[in-house]
Each structure stands twice: as C-alpha cells, then as structure tokens.
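This report describes selected local features of a single protein model.

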Amino acid sequence: MIRVYLVEDQALVRDAVAALLGLDFNIEIIGQASNGQDALNAIEALDSDLHPDIILTDIEMPTMNGIELSEKIAAKFPTIKMVIMTTFSRAGYIRRALTTGVKGFILKEAPSEELINALKKVMQGQKVIDPELAINALDYADPLTDKERKALKLASDGLKTSDIAKQLFISEGTTRNYLSDAIAKLNATNRIDAARIAKQKGWL
C-alpha cells in the first residue's frame with residue numbers, strides 16, 4: 001500500500017485527483033491540504049510511522065508553494081518522496097524541483113493511469129519526469145542566484161527595499177544590488193517586470 005498525502009489549492013482538482021487515486025487498491029490517500037504550510041504542519045504532527053510514503057503536490061499555491069514544501073520535506077523528512085504535478089510546463093520549475101530531491105514531475109493533463117504508474121515507479125526508487133517537461137528543461141538555465149531570487153520574490157509581493165533587507169538580514173544597499181543584478185540578467189525594465197519574466201520562465 002502506497003500512502004499518499006495530497007497538496008493542491010484548488011478544491012475541485014484536489015477532490016478529483018483523490019478520487020482517481022482512490023480507485024487503485026494499492027494507493028491510500030492519508031491526508032489533504034490546500035497549501036504547503038498546512039501540509040507541513042499536518043505531517044510534523046504525525047508520528048513517524050504514520051508519515052506518507054509520497055507527497056503529491058501542486059507547484060503554485062498560496063502561503064508555501066510546492067517547491068518550497070519540497071525543500072522543507074527534504075530537510076526534515078528525507079525518507080518521504082516528493083512528486084510534483086502541475087499545469088505549468090515551465091522548465092525552470094523542473095530544474096529547481098530536481099535540486100530539492102523531487103522524484104517525480106508530471107503534468108496534471110496526463111491520463112490518470114500515468115499518474116498512478118508514476119507514483120508506483122517512484123516507490124520503486126525510480127525518477128519519473130514527463131517527457132515534454134524533460135525536453136524543455138534542457139533549453140533553459142536559471143540565471144538568478146538564490147539571493148537574487150529571494151529578493152525578487154519579496155519585491156513581487158510588494159515589499160519595499162527596506163522591508164526586503166530586513167527579511168533577508170542584509171543591508172538596503174545589498175538588496176538594491178541583488179535587484180539590479182536580477183533586472184539586468186533578465187533584460188527587464190524594473191523589478192516588477194523582472195519578477196514577471198522570472199515567473200513566466202518558472203524561476204520564481
């Protein structure tokens with residue numbers, strides 16, 4: 001029996017995926033959450049013998065997205081396997097997800113049989129990546145450093161330079177340098193434009 005925890009912010013999609021997976025006798029949905037933070041809190045509250053084998057998560061979610069959740073899970077619960085499902089066929093997401101140890105990356109549009117087979121392969125120790133996504137991943141490299149990405153993400157959330165500096169524990173001058181470097185690398189006109197481009201590429 002494969003124990004799966006499902007994380008998806010859209011209730012209709014979450015219910016549909018849970019129903020499809022529930023048709024397979026070898027898969028048990030042990031919990032659901034609408035964002036990464038709620039999922040992390042729920043799993044932390046469980047005894048280790050009740051942890052899921054796999055967390056099946058969306059990428060774009062409020063509070064904590066799927067990649068951020070993958071990073072937290074890898075650090076705290078390395079035996080739990082992460083599989084990401086998304087409608088965003090953006091290569092940047094694949095590269096970032098794989099660096100966090102994600103074992104599977106599939107499109108929501110894939111047939112239910114592919115999703116079920118992907119989960120079973122991941123349980124067997126294999127990595128599963130949708131072919132379309134794998135091809136796209138070869139074409140793009142994220143030019144942003146981790147610090148530039150964090151500064152740009154906070155800027156896209158509407159934070160001022162001084163607030164970004166406080167959150168990242170750096171000076172305002174350093175913050176401006178990170179944002180300026182990100183803007184230059186992305187050939188953007190300003191920080192908002194840079195964030196838009198980075199999100200389109202899957203780098204933010």
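## Conventions

Helices (H or I, at least four residues) and strands (E, at least two) are DSSP runs, numbered from the N terminus. The structure is a predicted model, in which local features need pLDDT of at least 70 and side-chain atom pairs count only at pLDDT 80 or more, while totals for chains, interfaces and linings use all residues. Residues are numbered from 1 along each chain as its sequence is written, and side-chain values use heavy atoms, with hydrogens and water left out.

## Helix 1 and its surroundings

Helix 1 comprises residues 11–22. Its 12 residues reach 16 Å from the first C-alpha to the last, close to the 16 Å expected at 1.5 Å a residue; the expected span is 1.5 Å times one less than the number of residues. The buried residues of helix 1 are Arg14, Val17, Ala18 and Leu21, where buried means under 20% relative accessible area, exposed over 50%, and partly exposed in between (1.4 Å probe, protein chains only). These residues cover an arc of only 100° around the axis, and therefore lie on the same side of helix 1. The arc is that of the directions from the helix axis to the C-beta atoms.

The cover over the buried residues of helix 1 includes strand 1, strand 2 (27–33), strand 3 (54–57), strand 4 (81–86) and helix 5 (112–123). Ala11, in helix 1, is partly exposed at a relative accessible area of 39%. The C-alpha atoms of Ala11 and Phe25 are separated by 23 Å, the two residues being 14 apart along the chain.

## Arg3 in strand 1

Arg3 belongs to strand 1 (residues 2–7). This residue is buried yet has no salt bridge, and the nearest side chain of opposite charge, Glu28, is 4.0 Å away. A salt bridge is a side-chain nitrogen of Lys or Arg within 4 Å of a carboxyl oxygen of Asp or Glu.

A polar atom of the Arg3 side chain lies 3.2 Å from the backbone oxygen of His51. With neighbours within four places in sequence left aside, the residues in contact with Arg3 (heavy atoms within 4.5 Å) are Glu28, Ile30, Leu50, His51, Pro52, Asp53 and Ile54.

## Salt bridges

In total, the structure holds 10 salt bridges. In one of them, the side chains of Arg149 and Asp146 meet at 3.5 Å, N to O. Arg149 and Asp146 are three residues apart in helix 7 (residues 146–156), and so are separated by about one helical turn. An α-helix has 3.6 residues a turn, so residues three or four places apart point the same way. Arg149 counts as buried at 13% relative accessibility, whereas Asp146 is partly exposed at 43%. The buried residues of helix 7 are Glu148, Arg149, Ala151, Leu152, Leu154 and Ala155. Lys153 pairs with Asp157 in a further salt bridge, with the closest N and O atoms 3.1 Å apart. Both partners are partly exposed, Lys153 at 31% relative accessibility and Asp157 at 45%.

Asp193 and Arg196 also form a salt bridge, their closest N and O atoms lying 2.5 Å apart. Both residues lie in helix 10 (residues 191–201), three residues apart, about one turn of the helix. Asp193 is buried at 14% relative accessibility, while Arg196 is partly exposed at 41%.

## Asp58

Which loop holds Asp58? Asp58 lies between strand 3 and helix 3 (66–76), and is buried with a relative accessible area of 3%. Its side chain makes a polar contact with the side chain of Lys108 at 3.4 Å. A polar contact is a pair of N or O atoms within 3.5 Å; within protein, one must be able to donate a hydrogen and the other to accept it, and residues adjacent in sequence count only if both atoms are side-chain atoms. Leaving aside neighbours within four places in sequence, the contacts of Asp58 are Val7, Glu8, Asp9, Gly66, Met85, Thr86 and Lys108.

## Positive phi angles

Phe169, in the loop between helix 8 (161–168) and helix 9 (172–185), has a phi near 60°, a positive value in a residue other than glycine. Phe169 is exposed, with a relative accessible area of 77%.

Asn187 is placed in the loop between helix 9 and helix 10. Its phi is near 55°, again a positive value in a residue other than glycine, and Asn187 is exposed at a relative accessible area of 70%.

How values were computed: Lys, Arg positive; Asp, Glu negative; His and termini not counted.
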